[in-house]
Amino acid sequence: VEAVQLIADGKAPRIPQPEEGATYEGIQKKENAEISWDQPAAALHNWIRGHDKVPGAWATIDGQVVTFYGSSLLNASVSAGQELEIKGASRPGLVTKNGLVVFGNDGKMVLVRNLQFEDGRMIPASKYFSADETTALELTEEEKKMAEDIR
């Protein structure tokens, strides 16, 4: 009540807010979102989900920065998959039909569903090893004619 009365009387102290440290920039920066692999699976999951979508938790795979999106804790057994070396991880990840399985230092697992490369291309993590495969589009004679007409 006293504070309200001071304001009403115009006698409340006025302390200007310092501008030092004031910013409209996002607090999170990409360089601070690198995944530290020496922690339990729950912490890895929280780190990845906490940085989902901006700025995106990342790790280095094959010399390239890869951003991880859409993690969940995995309590089931792991289906067979291809090993994927991740810089700093104590054991390789597994690319399975459901996504990329990574391991915490407690032996528990996290499933990552999507990966984004430095060039901005995003793929389902399960397609990591088939991401570079491209199939040529083959047109029938009728489709070739239609393409010519459109051109």
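Predicted model: local features only at pLDDT ≥ 70, side-chain atom pairs only at ≥ 80, totals over all residues.
User: What do strand 4 and strand 5 form, and how many residues lie between them?
Analyst: They form a hairpin, with two residues between them. Strands are DSSP E runs of at least two residues, and helices are H or I runs of at least four, numbered from the N terminus. Residues are numbered from 1 along each chain as its sequence is written, and side-chain values use heavy atoms, leaving out hydrogens and water.

User: What makes strand 4 and strand 5 a pair?
Analyst: Pairing takes at least two DSSP bridges. Strand 4 (residues 93-96) and strand 5 have three, in the antiparallel sense. They therefore pair. Leu94 stands opposite Val101.

User: How many bridges join strand 5 to strand 6?
Analyst: Four, and the two strands run antiparallel. Leu100 has Val112 as its bridge partner in strand 6.

User: Why is strand 5 called mostly covered?
Analyst: Buried means under 20% relative accessible area (1.4 Å probe, protein chains only); exposed means over 50%, partly exposed in between. Five of the five residues in strand 5 (residues 99-103) are buried.

User: What makes a nonpolar core, and which residues have the most contacts inside the largest?
Analyst: A core is a set of buried Ala, Val, Leu, Ile, Met, Phe, Trp, Tyr and Cys residues joined through side-chain atoms within 4.5 Å. The largest has 22 residues; those with the most contacts inside it include Leu100, Val102 and Val112. Apart from it lies another core, of five residues, including Leu94 and Val101.
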